[in-house]
Structure formats: C-alpha cells, structure tokens
Amino acid sequence: MSRSPERLTALALTLVLTVGHPAAAWADPADPEAATAGVEEIVARVEDVVAEVESLDGAESESKRGEQITVALTSDVLFALDRAVLTTGAKLRLRRIAERVRAESAGGEVRIEGHTDDQGSDAYNDALSLRRARAVGQVLRATLAGTGTTLLARGFGESRPKVPNIVDGAPVEANRARNRRVEIVFDAAR
C-alpha cells in the first residue's frame, strides 16, 4: 500500500468526514462542550445574490434585486458609435420593453441610466450618456403616457462600469461593449 502524502491526506479527510471532528472522538460524553473543542464557528456576511439573464446575442440583459428590475440594453444595438440618435431597430426594441414596464411596473418612477466605456474624456462621456438616456426616455414616454409613470433620465458616463474595461493592463473590447449601455430600472408590482 502506497503512503504518499496525497493518500494520507485523503485518508485523514475521509476519517474526519465519517467519524466527525477528531476532538469529538475523544470527548467526554458527560461534557457537551468538550465535543466541540477545537471547532470554530464560521460567520460570514451574505451579500444579495443578483441573477442576471442575458439574451443570446448579448444585446439585452435583465437582473432583479428585491422588487427592483433592471433591463440593460447595450448601446451598440441602440445607437451608432458616438451618437445619441436611436436606430429604427432600437425604437422597436424599446417599445417592447415599454410595454413590459407598463404591464409589470408598480408605477411611480422609472429611471433611465446611460453609461459609456472608458474611451474619451469624462466630460464627453457624461454628456453622451445623458443624451442617450434622454433619447431612450423619449421613446418610453410615448408608450407609457397615461400610466402615472415618471421618467428620470441620468447619464453616468464611465463611472459605473458593469465589467472592467481594462484587464491585466490591456483593454478588453468585449467588456467595453458591455459597459456601453442604457439601463431601465423600475419596481415590479407586487
């Protein structure tokens, strides 16, 4: 029988898992605290788990945190590069999302948040992201008219990336594309 360190470690782990903690094997049954001698309590903070569902083409994603729903559309499917004028296809996609907001929203405020990648100056990106958020808001406003919904458009530029623009000192174009987005945030009806 081989006595390699890996085999001995596996044997010890098996023994601990089947018998329990080694200290418990020699503990005095009359002393309940002795059974847990050497066992540390592990306490860890649990963060909110936010699942994100992404379309097959990667152009649209949705996440939900509590009652808040965020639908993100990559700017590449909404706008031409460095532009804030919506494409025809974008308008159709936004009308579909607006109908969903109309059906699922609790009403109240719907936030439209524009984001860019790290290309260009902060001032340029802030202005571009705001213009794009407002352009999306115009389409949503037409579809959500009469619902009592308030639209709030904001531009965040590159200050809130979804993923790092640069990894290991090199720009990652796929990440930059994911960061160029407009998010529509609303509370779901209960």
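1. The second largest pocket of this predicted model holds about 190 Å³ of space. Its lining is made up of 13 residues. Those lying nearest the centre of the pocket are Leu81, Asp82, Asp117, Gln119 and Arg180.

2. Which elements give two or more residues to the lining of this second largest pocket? They are α5 (122–144) and α6 (173–179). The largest share, four residues, comes from α5.

3. By residue class, the lining of the second largest pocket comprises six charged, four polar and three nonpolar residues.

4. About 70 Å³ of space lies in the largest cavity.

5. The lining of the largest cavity includes a run of residues from Gly58, Ala59, Glu60 and Ser61, together with Ala72, Leu73 and Thr74. Glu54, Lys162, Arg178 and Arg181 also line this cavity.

6. Where in the fold does the lining of the largest cavity come from? At least two of its residues are supplied by each of β2 (60–65) and β3 (68–74). The largest share belongs to β3, with three residues.

7. How do the residues of the lining of the largest cavity divide into nonpolar, polar and charged? Five are charged, three are polar and three are nonpolar. Among the residues of this lining are Glu54, Glu60, Lys162, Arg178 and Arg181, and these count as charged.

Terms used:
Residues numbered from 1 in each chain as written. Predicted model: local features only at pLDDT ≥ 70, side-chain atom pairs only at ≥ 80, totals over all residues. Heavy atoms only, no water. 1 Å grid on protein atoms, 1.4 Å probe; cavity = no way out; pocket = protein on both sides within 12 Å on 5 of 7 lines; lining within 4 Å. Points joined across faces, edges and corners; volume = space filled by probe spheres on them.
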